[in-house]
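Have the structure open beside you as you read.

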Number of protein chains: 2
Amino acid sequence: MKKIQVIVAEDQGMVLGALAALLETEPDIAVCARAANGREALSAVGKLKPDVLVTDIEMPEMTGLTLAGEVKERYPQTRVMILTTFARPGYLRRALDAGAKGYLLKDRPSAELADAVRRVHQGLRVVDPDLAVEAWDSGPDPLTERERQILWRAGEGKSSGEIAEELHLSEGTVRNYLSEAISKLGASNRVEAARLARSKGWL
Amino acid sequence: MKKIQVIVAEDQGMVLGALAALLETEPDIAVCARAANGREALSAVGKLKPDVLVTDIEMPEMTGLTLAGEVKERYPQTRVMILTTFARPGYLRRALDAGAKGYLLKDRPSAELADAVRRVHQGLRVVDPDLAVEAWDSGPDPLTERERQILWRAGEGKSSGEIAEELHLSEGTVRNYLSEAISKLGASNRVEAARLARSKGWL
DNA sequence: CGTCCCCCCTGACATTTGTCATCTCCCTTT
DNA sequence: AAAGGGAGATGACAAATGTCAGGGGGGACG
């Protein structure tokens with residue numbers, strides 16, 4: 001009997017080790033490699049051609065979302081399952097667009113992990129149902145690329161002037177984009193707008 | 001030979017289960033209970049009187065820091081070890097003040113966990129060295145209680161007027177406190193001030 | 001071809017934010 | 001009793017922010 005070969009990617013060492021230990025307790029699953037970031041994960045997938053890649057989203061070097069896209073493109077025999085803290089509609093959408101087969105939240109009971117891996121391995125989709133609903137009715141990302149860039153920086157505490165300089169725009173233009181973003185998101189100032197966009201996974 | 005009895009508290013189900021699995025692989029450690037929040041953890045500690053409590057900080061119901069204080073007070077035979085994502089000087093200081101014996105980051109390799117548990121069990125202190133240094137030279141929390149309340153709300157995107165109403169203050173007073181906080185933190189506006197304070201663990 | 005959308009700009013305006021000096025009240029400490 | 005010190009307030013001013021109306025110049029698409 002052949003075990004399901006799994007690679008786990010996760011930047012927090014403690015959590016990486018713990019998840020691996022958890023999966024190793026399953027008789028039909030084997031963790032054939034661990035990766036601390038997206039780049040490592042991609043090269044490990046290239047070398048070992050595992051059945052399933054379980055990956056976090058927010059990681060240094062390469063995001064789990066980018067990673068999912070690369071793996072889908074270059075090693076389509078490996079199915080990707082996202083495992084993340086963030087219940088953000090925008091993340092889910094991007095994950096599925098990038099070819100991920102599963103999207104599981106770290107909130108869920110740990111008993112679900114092995115099962116999700118098995119399902120994804122069988123070619124089924126595994127998507128958190130609550131999040132899927134939320135993703136459905138919160139609609140698509142309303143922000144343009146420029147608005148995203150600017151709102152991101154505003155959320156970091158930068159002034160309109162600083163943002164303008166950084167992006168080689170006039171300050172008035174920056175204020176216009178911010179105003180537009182604020183109204184699109186139904187916020188009442190840049191801070192609230194940035195928080196809202198972040199919570200949706202649009203930033 | 002008696003195993004070290006450990007309770008793990010962590011609000012992300014997946015991580016909770018994984019950490020428990022990781023600890024269970026050690027021959028001299030037994031996980032006698034799991035808790036999904038601070039309240040659960042406290043009552044479990046009361047019932048089982050474990051040797052060590054490993055707990056996250058940011059949890060619903062009761063913070064790991066509050067929990068540490070309660071356990072220290074009511075069940076001093078149980079040693080508390082904080083296990084968290086956040087390398088924030090203010091968190092470390094509060095944890096130690098609350099009587100925690102260890103402060104470990106989820107960034108660290110998973111191999112360190114069991115060892116840290118053993119050391120804490122022996123009565124030794126385990127503190128992340130880099131963080132300890134940072135905590136040392138970033139000094140103590142410079143904010144007053146009012147400043148903290150106001151800065152927190154400002155960071156959520158509330159306007160001075162809204163904050164004033166919420167706290168039954170005049171708007172001018174709110175602006176004064178914000179101005180004071182901004183200057184104490186060396187920031188150039190409320191957003192940057194809030195981010196800075198958060199990153200230090202003062203919010 | 002026209003239309004739409006995105007990008008970028010200007011100028012004007014109202015509002016909010018950040019800063020300072022100054023004042024009252026109340027509570028400690030000496 | 002006097003001297004501080006914290007919490008809260010006021011008023012005034014400069015600077016940053018948010019909003020509107022308008023105007024260019026593309027690229028995409030029917």
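**Notes on the chain contact and the DNA side**

1. Starting with the protein–protein side: chain B and chain A bury about 2200 Å² between them, and carbon and sulfur atoms give 61% of that area. Bear in mind that this is a predicted model.

2. As for head counts, the contact takes 29 residues from chain A and 29 residues from chain B.

3. What about charge pairing and polar links across the contact? The salt bridge count between chain B and chain A is zero. Polar contacts are there, though: 12 residue pairs make them between the two chains, counting pairs with both residues at pLDDT 80 or more.

4. Which parts of chain B face chain A? Helix 1 (13-24), strand 5 (102-105), helix 7 (145-155) and helix 10 (190-200) of chain B each put in at least two residues. Helix 1 of chain B has the largest share of that side, with eight residues. By type, the side of chain B that touches chain A splits into 13 nonpolar, nine polar and seven charged residues.

5. Now over to the DNA. There are 17 residues around DNA strand C, and those that come nearest are A:Arg146, A:Ser170, A:Asn176, B:Arg175 and B:Arg190.

6. Which helices are at the surface near DNA strand C? Helix 9 (171-185) of chain A and helix 9 (171-185) of chain B each supply at least two residues there. Helix 9 of chain A gives the most, with five residues. The surface near DNA strand C is made up of 10 polar, four charged and three nonpolar residues.

7. In chain A, a polar side-chain atom of A:Asn176 sits 2.8 Å from a base oxygen of DNA strand C. In chain B, an N or O atom in the side chain of B:Asn176 is 2.9 Å from a base nitrogen of DNA strand C.

How values were computed: Residues are numbered from 1 along each chain as its sequence is written. Chains are lettered from A and ligands numbered from 1 in the order in which they are written. This is a predicted model: local features need pLDDT of at least 70, side-chain atom pairs count only at pLDDT 80 or more; totals for chains, interfaces and linings use all residues. Side-chain values use heavy atoms; hydrogens and water are left out. A residue is near a molecule or strand if one of its heavy atoms lies within 4 Å of it. A polar contact is a pair of N or O atoms within 3.5 Å; within protein, one must be able to donate a hydrogen and the other to accept it, and residues adjacent in sequence count only if both atoms are side-chain atoms. Helices (H or I, at least four residues) and strands (E, at least two) are DSSP runs, numbered from the N terminus. Ala, Val, Leu, Ile, Met, Phe, Trp, Tyr, Cys and Pro count as nonpolar, Asp, Glu, Lys and Arg as charged, and the others, Gly among them, as polar. Contact means heavy atoms within 4.5 Å. Buried area is the accessible area (1.4 Å probe) that two parts lose on being put together, summed over both. A salt bridge is a side-chain nitrogen of Lys or Arg within 4 Å of a carboxyl oxygen of Asp or Glu.
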